[in-house]
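I opened the model and went through a few points in turn. My notes follow.

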Amino acid sequence: MDTILKTGVSRRAVLGAGVVGTAVLAMPNILRAQDKSLKVGVYGGYFKDSFDKNIFPEFTKATGIAVESVAEPTGEAWLVQLEQAAKAGAAPADVSMMSQVAMLKGQTTKLWTPLDMAKIPNSKNLIERFVNKYPDGSVAGIGAVSWYITLVTNTDVYKEAPTSWAAFWDKANADKLGLLALVSNSFLLEVTAKTFFGGTNALDTEEGLLKAFDKLAEVKPNVRLWYRDEAQFEQSLKSGEIPMGQYYHDVTGLAASEGHPVRSTFPKEGGVQDSGCWALSRASKKVDEAHIFIDYMSQPAIQATLSRKVGTSPTVKRELLDLSDKEFAAVSSDIEPIIPRYDLYTTKSDWLNQKWTELIVG
Amino acid sequence: MKREPPQSVADYGPLFFPAGMLLIFFVVPFGTMIAVSFFQRQEGGFYTPAFVFSNYERFLSAFFGGVLGFSLMLAVTVAICCVVLALPFTYLLSRLSRRLQVIWLVGLLSVLSLSEVIIGFAWSTLLSRTAGLSNLLVKIGLLDQPIALFPSFGAVLTGMVYQALPYTILVLYPAIVRLDPTLMEAARTLGSSPMRAFFNVLVPALRNTIMATLIMVFIFALGSYLLPQILGRPQHWTLSVLITDQAIYQSNMPFAAAMAVFLVLVTLGLVALTLLIGRKGEKA
């Protein structure tokens, strides 16, 4: 014990602190950055790591606003936390990346501060559907990134890539599929409607939804795994244990580039395009910084960087991007995507959830 | 030393800390949960304070009854499997030399350091078609081609028994070690076979311990939600899985709370029933 106490602060540590201190003074950037800061919530894991490495340092360099990234859980747990915190006047993150369903749910309690589009000039670059609006027309969130859920296969097991989502219904694929376990993240109702009933408008009525559920029930014998956890499916897909399923285009591409025998295919009916919005919590005091951040992220150059480094699909118009055809094809497709019917997951969420759970568990 | 009954408030002092902890970390959260279970769910939003029974009404259906029934059945099966495996094992363990006992116990304790996630993924690899145990059976000629042993009920049961077995052994161990060895010797002297002595003398002598262990493993297994997801098909999902879905993915806290309250009540009811039957049996 005595020896530990005596050691105290070593000479080395004092010297080290001195060097760091001088360095900080020599770089006014860092000091200034400490004055202005922003807490940004992004999905934990691969997303947060990529943003921390490729995006946030550049943003701080360009604007002098330091970013403290917060790992947010997927699902709606983060929405619940933001809402509870906002009630108490706190914001665990100023700006968060939120899914579309979470955006709509947050709208009902006015959780999102309406954004001032005049302060976000780059928002004109965005594809219209990526601007999330309140019913009164004010803007609740701005498209951050989008991603595709596509038809994925193990190349050792399937020499030929399937061309249609209808492959899920093929009797030859019994016990071979891995599908997402929740109605609100698998978007299989939309896939069914687009593949067999002419489009997602078929889901407008309850009758149409029930028809889609019936059609989807035919897939059940083919499904080996209904997964919530991505790692569960990814591992099985790579090994060929579960050789077909739905999965994220970006991560599958990454796995293929690492030499795993997997491929992601955009079926002729289109991939499912889901997206995340930047949204500002009403409890946040960093309104100006948040607008600067969102504007910065909406630049075509940054969206292109995201496509190259993170593998997400851009939310700004294709013609504004300097992505080559090959780079664009790696993250997106010219086939018209299936856009999820987010409205259903707020207006009919409990009914859909009940029917879905009965369908797969029953 | 004679034990004096507590005279003043100060004598109860040592109780304040645990009582406070129990209040803060159990009574208050549980009370909150009960309150939330009566709140009104706002579809497409959160919930508002109210006093409605709709969350319980939704639960009272054949579908959720079936899931609850399956969860209870699974937990009972896990408890019975664990005790059936652990009892002879622990008995044999208690007759080993001190040194060997310590080695075994350290090994068992180290299993406890594995998280549920690791156990789940390890078993899913062991039971897989591409890398699993069935490949060994093919090598020695027992199978024509490797087969997938998961997802299945057997896989869920295996994973959960594996996870609960060390607890079972650690609970049984002290009671068995303390058991008077002359009991078994007397039985043997009176001409009973080792098997007969085990079932007719040892098991009845440990009746209360076995009951307590069964209840402990049962409750432990009832809360499992990860292993049924990793190793089972949707029909093997427990009520805990559906509670998680409602709370985390549907942000339907009132319904999740109602299901959780129901699960706790049914569990407590079953435990009480077991104890009651046990007491009656003792009197007879």
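**Entry 1: the two domains of chain A**

I looked up the domain contact first. Twelve residues of domain 1 of chain A are in contact with twelve residues of domain 2 of chain A; contact means C-beta atoms, placed from the backbone, within 7 Å. On the domain 1 side, α7 (100-108), β10 and α15 (325-331) of chain A each give two or more residues. I see α7(A) giving the most, with four residues. By class, I get four nonpolar, five polar and three charged residues on that side. Nonpolar covers Ala, Val, Leu, Ile, Met, Phe, Trp, Tyr, Cys and Pro; charged covers Asp, Glu, Lys and Arg; the others, Gly among them, are polar.

Domain 1 is 36-146 + 274-331, and domain 2 is 149-273 + 337-361. These bounds come from an automatic or database domain assignment. I note 26 Å between the C-alpha centres of the two domains.

Bookkeeping: this is a predicted model, in which local features need pLDDT of at least 70 and side-chain atom pairs count only at pLDDT 80 or more, while totals for chains, interfaces and linings use all residues. Residues are numbered from 1 along each chain as its sequence is written, and chains are lettered from A and ligands numbered from 1 in the order in which they are written. Helices (H or I, at least four residues) and strands (E, at least two) are DSSP runs, numbered from the N terminus.

**Entry 2: chain A against chain B**

I then turned to the chains. Here 30 residues of chain A are in contact with 25 residues of chain B. The largest share of the chain A side comes from α17(A), with seven residues. I list nine nonpolar, 13 polar and eight charged residues on that side.

**Entry 3: strand β3 of chain A**

Is β3(A) enclosed or open? Five of the five residues of β3(A), residues 95-99, are buried, so the strand is largely enclosed by the rest of the structure. Buried means 20 or more other C-beta atoms within 10 Å of the residue's own; exposed means 12 or fewer, and partly exposed lies in between. I see V95(A), M97(A) and S99(A) pointing one way, with S96(A) and M98(A) pointing the other. In a regular strand the side chains alternate between the two faces of the sheet.

I checked the partners next. Strands pair if DSSP finds at least two bridges between them. β1 (residues 37-43) of chain A runs parallel to β3(A), over two bridges. There, S96(A) is the bridge partner of G41(A). β10 (residues 272-280) of chain A is antiparallel to β3(A), with five bridges. G276(A) in β10(A) stands opposite S99(A).

**Entry 4: helix α3 of chain B**

I tested the length of α3(B), residues 62-94. At 1.5 Å a residue its 33 residues should span 48 Å, and the end C-alpha atoms are 47 Å apart, which agrees. The expected span is 1.5 Å times one less than the number of residues.

I find a kink of about 25° at A86(B), shortly before P88(B). The bend is the angle between axes fitted to the seven residues ending there and the seven starting there. Buried residues of α3(B) include V67(B), L74(B), V78(B) and A86(B). Their cover includes α17 (349-361) of chain A.

**Entry 5: T48 of chain B**

I found T48(B) in β2 (residues 47-48) of chain B. T48(B) counts as exposed because it has 11 C-beta neighbours inside 10 Å. Beyond its neighbours within four places in sequence, T48(B) is in contact with F39(B), Q40(B) and Q42(B).
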